[in-house]
Structure formats: C-alpha cells, structure tokens
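Could you walk me through this structure, one selection at a time? I have it open in my viewer and would like to know what to click on next.

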Amino acid sequence: MKNVVLIGATGFVGSAILSELLNRGHKVTAVVRNASKLPKHDNLTAVEEDVANVDAIASIASGKDAVISAYNPGWANPDIKRLIEENYPKIVEAAKKSGVERLLIVGGAGTLFVKPGLRVVDSGAIPAEIIDGVRPLGDFYLNQLTKENDIDWVFFSPAGEFDAQGERTGKYRLGKDDLIVDKATGTSHISVKDYAAAMVDELEKPAHHKERFTIGY
C-alpha cells in the first residue's frame, strides 16, 4: 500500500485516478478546491488548498510515498494558460521541498510526435479553443521538466483522445515519445479508466524515471 498525495482529485482524469488508487487499497490525501465533490472513504483524506502555495503543498506531501498531479485549471477557465505556466513549476518545487521520492504528472499529448520532427501541438490537430491549455503544458515539459534532476519524475502523456465512457480493459500499449495510433480505427485514443490503471501501475512498480511515457490502444 502506498501513501500518496493526489492533486486535482475531482477532475476528469484525477477522479479516475482516485478511484483506481482507492480500489487498490492505497491511502490518498486529495488536494482539491472543493472537498465536497469527493467521495467518502476510509483511505481518503481531503485537503482544500491552492497548488500555488508551495509551502502548504510541501507540508501535505511530507512523509508520503509520491505525489500524483492531475492539476488542470479547467478547460473553460479563461486564465488557463497563465495558471499552467505559473503553477506546474510550483508543484514540482513543492514536491522537491517535501522530500517525497516520486512525482507522477498527468501530461498532455501535445508534445508527442505524429511523425518524425512533427509534434501533435504543431500538426493543426488541436482545436483552437483548447490550445491555451495544451501548449503551455507541453512547454513546461520540454523546457523545464526535462531539465529536472532533483526528483524522480514521470510525465505520462495520454493518447490523442480520451474515451470518457470507455471501459477499463487492461489491454493497451505503452510507448515513449510517439503518438500511439489504434491500428483498427486509425485514431489515437484511450479510456480514462485504462489511463488511470496504467498510472497506478507506474506508482506501484516504477518502470520510468525522469522521462515521459505514453499510452494508447
């Protein structure tokens, strides 16, 4: 059993990761904006805190086995670009300050390659209405996280699309920097439940260190 901090536990991906963690018997401290959105569970402790508060997050994470960040300011938030740019480095800083050994980040697909030299974010495939959330997260990964050597981090990029209603199949492929495309459909997709399962697998049996990896069918 792991004792972890989960940032963004009420979000789309965060809530799936929370369910997976609790179903496997892990102990979770959930850092959220609104604790009333969380389920009641003996292994779940809710903390309402701002991820921008480095000292507070570091204190919450102190003594834990890992921090999992599913932080997202909200796709409809007009300030999403600034908040990602400012808060993701603070999450890393807090994790390092806490002394926790591992930081697992719900990444984006934007920096994956669709072909040699062409990343998803530059391919024209990203809708204009979400580009302000995609590009800054990719920039954070490329320009800051890849230079981080003081904590054992992973940046787990999903497939191009999440199957919101998809089942937990346990049958998927993992990769590194290239977008994984489903040979049967020609699309890049993964259910949020399978993504969550793979994230918790990585928590339980670390296979990636200071690198990005990805998933898809």
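Predicted model: local features only at pLDDT ≥ 70, side-chain atom pairs only at ≥ 80, totals over all residues.

Residues are numbered from 1 along each chain as its sequence is written, and side-chain values use heavy atoms, leaving out hydrogens and water.

**Stop 1: the sheet.** Show the strands (DSSP runs of E, at least two residues, numbered from the N terminus, just as helices are runs of H or I of at least four). You will find 8 strands in an open sheet, ordered β3-β2-β1-β4-β5-β8-β12-β10, with mixed pairing; strands pair if DSSP finds at least two bridges between them.

**Stop 2: strand β5.** Select residues 102-106, which pair with β8 (residues 152-157) in the parallel sense over 5 bridges. β4 also runs parallel to β5, joined by 4 bridges. How many residues of β5 are buried? The count is 5 of 5, where buried means under 20% relative accessible area, exposed over 50% and partly exposed in between, with a 1.4 Å probe and protein chains only. Arg102, Leu104 and Val106 point one way, while Leu103 and Ile105 point the other. In a regular strand, side chains alternate between the two faces of the sheet.

**Stop 3: helix α2.** Move to residues 54-61, where 6 of the 8 residues are buried. Those buried are Val54, Ala56, Ile57, Ala58, Ile60 and Ala61. They pack against β1, β2 (27-32), β3, β4 and α3 (80-98), with contact meaning heavy atoms within 4.5 Å. After α2 comes Gly63, which has a positive phi near 85°.

**Stop 4: α2 and α3 together.** Show both helices: their axes come within 8 Å and cross at roughly 45°. Axes are lines fitted to C-alpha atoms, for helices over the stretch in contact, and angles run from 0 to 180 degrees between N-to-C directions. The two helices are therefore oblique to each other, since angles under 35 degrees count as roughly parallel, over 145 as roughly antiparallel, 65 to 115 as roughly perpendicular and the rest as oblique. To finish, select Val54, Asp55, Ile57, Ala58 and Ala61 in α2, which meet Lys90, Glu93, Ala94, Lys97 and Ser98 in α3.
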